[in-house]
Structure formats: structure tokens, C-alpha cells
Amino acid sequence: MLILHNASQVVTVAVNGAAHKAGRAMREIGVVQNASVVIEGEKISAVLPTNEVQITKADTVVDCTNKVLLPGFVDSHTHAVFAGSRANEFAMRLEGKSYQEIAAAGGGIVSSMRSVRSASKDELKALTEKRLQEILRHGTTTVEVKSGYGLDTLNEVKLLEAVKESRKSSPVEVHATFLGAHAVPPEFKGKQSEYVALIINEMLPEIARHNLAEFCDVFCDEGYFTVEESEKIFNVAKQYGMRPKVHADELAQTGGAEMAARVGALSADHLLCVNAPGISAMKRANVVATLLPGTAYFLGLPYAPARTMIDNGLIVAIASDFNPGSSPAFNMQMIISLACTQMKMTVEEAISASTINGAAALGLGNVIGSIEPGKQADIAIFDAPDYRDIAYYYGANLVLTIVKRGIVNSFSIWKNSEK
Ligand SMILES: [Zn+2]
């Protein structure tokens with residue numbers, strides 16, 4: 001038995017048997033003052049007022065005095081397997097260079113594709129392992145990782161194998177998504193339908209055969225893949241047991257959100273240009289709206305209409321979109337702060353969005369995302385007495401200790417042992 005003892009606040013984000021929080025309910029995060037959490041094996045067995053807890057029965061007691069406990073963050077949208085940096089492009093943008101000029105200089109998604117194609121699987125694995133350690137250190141206990149910088153069968157498989165092998169290195173739980181339809185690679189320029197056929201006839205069967213991805217994603221947007229192409233890909237992916245997630249309505253309103261509802265997607269992500277029919281369709285089909293404020297921040301673009309979506313009763317999640325081009329960040333505490341200051345979400349809504357609703361975006365709302373009896377013991381311990389400090393001290397990392405599946409990972413110990 002493990003006891004997380006005497007926290008100033010335990011933010012339970014309790015859902016009482018539900019698997020998400022929609023609309024107004026996102027504000028109810030179940031804060032218990034002066035509380036302790038009892039964990040047996042991999043699971044939470046109780047959240048109790050500290051004066052009702054007997055620590056003598058415990059094998060391990062972690063002193064949480066003046067600390068806040070939250071469910072570990074669930075970052076449900078990242079592109080964390082990549083090689084190379086695009087800091088040079090960032091600098092070019094700041095110098096006023098246009099997208100075309102950057103592309104002409106070898107930048108953009110094709111730059112990441114080249115780096116990935118020339119990297120070995122072991123190199124990608126090592127890069128991913130390092131990132132997973134940092135991701136855990138910043139409070140994320142479950143992360144989704146997409147392929148999508150290989151853009152041919154060999155390299156998409158290589159990326160997903162690197163993800164699969166990197167899992168063993170870190171306590172972070174990793175869920176993989178196949179995103180072959182991230183962009184059309186240069187060798188298929190002007191032959192987009194042939195690339196879609198390659199995804200359907202070669203990539204999906206190969207990835208399914210090796211059991212490399214739980215989810216399938218498509219960049220459904222103007223200049224990328226059409227609604228019709230996306231739907232075709234998803235219908236085949238579903239036959240292989242991969243659940244759809246969609247990059248939808250980011251650059252233009254193309255009907256991506258409605259398509260997400262039609263194909264039964266777990267989530268539609270980005271949604272900067274979503275319209276009212278898109279919102280209604282998502283609500284009817286319980287599609288999670290995953291918003292990625294780090295991308296808007298980094299590119300200096302407008303933010304998704306979070307208030308409209310929450311006020312219309314959608315299940316809203318937030319995620320980092322961690323990727324080398326448009327959001328090189330994985331600190332969910334910073335994403336929460338951006339959600340509050342830039343998308344006008346309340347701190348409570350942002351916490352629901354980064355925990356239980358992130359879990360819902362991965363179909364895991366019954367397993368993780370809240371601190372309740374029976375749930376997996378995935379808990380982040382913050383060096384702050386009040387949960388609002390997490391959004392308030394923006395850019396900081398307040399995480400001290402992570403419990404993942406009932407195992408304690410203390411970062412002060414980690415740092416010493418790594419020297
Ligand atoms: Zn993305």
C-alpha cells in the first residue's frame with residue numbers, strides 16, 4: 001500500500017463513472033482540501049481526509065504537505081517521434097521570410113521528412129526516449145504519439161517501431177497513431193490520389209499486421225487531404241481496428257468536424273475554423289474537441305474558439321501538439337496557462353481538458369484522467385499549495401514527483417542517479 005499523505009489539495013476531477021466532462025461540467029473538478037490518496041497495487045483505492053488515514057498500514061508514505069495532487073496529464077496529440085530541429089526556420093520567420101521562401105530553402109514538413117528518412121530506427125528511438133523522460137518530468141503520464149514524417153511505407157513503419165521500442169524506457173504510457181496522411185511527399189507531387197491509394201493498399205495493412213498503431217489520423221484541410229480522401233482512409237483504417245482521430249478545420253473550414261462525427265472519430269483536433277454545423281455534429285456524436293493553443297502561440301495565429309465550444313456543451317480537451325515545426329513544446333502546465341489567458345478558459349476547465357478529457361480523446365476515460373477509487377494510480381505531485389498556481393506561474397515546471405501505475409518516480413532521485 002502506498003499513501004500520498006496530507007496534500008493541501010487533491011484535485012480529483014471526479015467523473016463518478018462517466019468517461020469525460022462536457023460543457024459546464026468541466027468547471028467541477030472535485031477539489032478536496034487536506035486530503036490523502038491511498039493506492040493499492042496499480043490502482044487508487046481511496047481519497048480521504050488526512051485525519052481519517054492510518055499511515056502505519058502503508059508500505060510507503062510520500063509526504064505531500066503543502067503540495068497539490070492532480071491526475072497525471074494526458075497529452076492526447078503529439079508528433080513526438082521526429083529527428084532534427086527546425087529552429088533555423090523559426091529564425092527565418094522572425095526575419096520576415098515567407099512560407100514560400102522557407103520551403104524553397106528546404107524547410108517545412110519536408111525538412112522533418114528528410115531528417116527522419118536519413119535517421120536510423122535506433123536514432124529515432126533514442127531521441128524519443130529522451131523526450132519521454134522530459135515529458136514525464138513535466139507531469140504527463142500518458143501521451144499519444146503520431147507518425148507522419150516518414151511519408152512512405154518503410155519510414156512510417158520505422159517511426160512507429162521506434163515508438164513501440166521506446167515505450168520500455170519510460171514509465172510514460174504511450175499510445176501510437178498512424179498519420180501517413182500528414183502531407184503528400186515530394187515524390188507524389190501532382191499524384192495525390194496515388195499517395196492515398198498507397199496509404200490504403202500498402203501502409204495500413206503493413207501497420208496493422210505488425211500491430212503498430214491503435215489510432216489513424218489524417219490532416220484533413222485545405223492544401224492537404226480532402227474530406228472525401230480522409231473518409232476513404234478512415235473507413236479502411238476502421239476495418240483494421242484503428243480508431244479515427246482527425247486534424248480538422250485548422251487552416252480552413254472544409255467540413256472536417258462533420259466528417260469526424262460521421263466516421264465516429266474519438267476526437268477532432270485544432271478546429272480554429274470550425275463552424276456551427278461542425279460543433280453540433282461533434283456534440284451529437286460525442287467527438288472530443290482537442291484544442292492546441294501552443295501551436296497558435298508559436299505561429300502567432302488566432303486561437304480556437306474554446307468558449308463557444310464549451311458553452312455549446314462539447315467535450316473539450318487540450319494537448320501540446322509537440323512537433324518540430326509548429327509547437328516544439330511538451331509542458332502541459334504551459335498549455336494550461338495558454339488555454340486560460342489566450343482561449344479564455346477557466347483554470348478548472350483547463351484542468352479537466354488536460355486530464356479526463358485528454359483521456360476521453362484516447363478512449364481511456366474509464367481508466368485514467370481522474371483520482372477516484374478503481375482508476376489507475378497516475379498522479380502528479382506539484383510543489384504548490386493551490387492548483388491555480390499551475391496556470392499562474394506560467395512557463396514553470398512545478399512537478400516534483402510522479403506516480404505512474406502506483407510506482408513513485410521522484411525527480412530529485414532521478415537527477416542524482418543520472419549524473
Ligand atoms: Zn498535429
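Gln-342 is partly exposed in this predicted model, its relative accessible area being 37%. The residue belongs to helix H12, which spans residues 332–343. The protein chain as a whole is divided into domain 1 (2–71 + 370–418) and domain 2 (74–360), and the rule for salt bridges gives a count of 18. The points below treat selected residues, the domain interface and the salt bridges in turn.

- The side chain of Gln-342 is in polar contact with the side chain of Thr-341, at 3.1 Å.
- Pro-302 is 40 residues from Gln-342 in sequence, and the C-alpha atoms of these two residues are 9.1 Å apart in space.
- Thr-355 is located in the loop that runs between helix H13 (347–354) and helix H14 (356–360).
- Thr-355 has a relative accessible area of 0% and is therefore buried, the cut-off being under 20%.
- When residues up to four places away in sequence are not counted, Thr-355 touches Val-13, Pro-71, Gly-72, Phe-73, Val-74 and Gly-369.

**Interface between domain 1 and domain 2**

- The centres of domain 1 and domain 2, taken over C-alpha atoms, are separated by 28 Å.
- Contact between the domains involves 39 residues of domain 1 and 34 residues of domain 2.
- The size of an interface is often expressed as the accessible area that is lost when the parts come together.
- For domain 1 and domain 2, the area buried between them is about 2900 Å², with 64% of it on carbon and sulfur atoms.
- Across this interface, 15 residue pairs are found in polar contact, with both residues at pLDDT 80 or more.
- On the side of domain 1 that touches domain 2, two or more residues each come from strand E5 (68–71), strand E14 (379–382), helix H15 (389–392), strand E15 (399–404) and helix H16 (411–418).
- The residues on that side of domain 1 comprise 22 nonpolar, 7 polar and 10 charged.
- Between domain 1 and domain 2 there are 3 salt bridges.
- Arg-405 and Glu-173 form a salt bridge in which the closest N and O atoms are 3.4 Å apart.
- Arg-405 and Glu-173 also belong to a network of salt bridges that links them with Glu-42, Asp-378 and Lys-404.

**Salt bridge of Arg-27 and Glu-349**

- A salt bridge joins the side chains of Arg-27 and Glu-349, with an N to O distance of 3.2 Å.
- Because Arg-27 lies in the loop between strand E1 (2–11) and strand E2 (31–40) and Glu-349 lies in helix H13, the pair ties together parts that are 322 residues apart in sequence.
- Arg-27 is partly exposed at a relative accessible area of 36%, whereas Glu-349 counts as buried at 1% relative accessibility.

- Glu-165 and Lys-121 form a salt bridge, their closest N and O atoms being 3.1 Å apart.
- Glu-165 is in helix H5 (residues 153–166) and Lys-121 is in helix H4 (residues 121–137), so this pair connects parts that are 44 residues apart in sequence.
- Glu-165 is partly exposed, with a relative accessible area of 25%, and Lys-121 likewise counts as partly exposed, at 26% relative accessibility.
- Lys-125 forms a salt bridge with Glu-129, for which the closest N and O atoms are 4.0 Å apart.
- Both Lys-125 and Glu-129 lie in helix H4, at a spacing of 4 residues, about one turn of the helix.
- Lys-125 counts as partly exposed at 24% relative accessibility, as does Glu-129 at 22%.

Definitions and conventions
Residues numbered from 1 in each chain as written. Predicted model: local features only at pLDDT ≥ 70, side-chain atom pairs only at ≥ 80, totals over all residues. Heavy atoms only, no water. Domains from an automatic or database assignment. Contact = heavy atoms within 4.5 Å. Buried area = accessible area lost by both parts, 1.4 Å probe. Polar contact = N/O pair within 3.5 Å; in protein donor to acceptor, adjacent residues only side chain to side chain. Nonpolar A, V, L, I, M, F, W, Y, C, P; charged D, E, K, R; others polar. Buried < 20%, exposed > 50% of the residue type's maximum accessible area, 1.4 Å probe, protein only.
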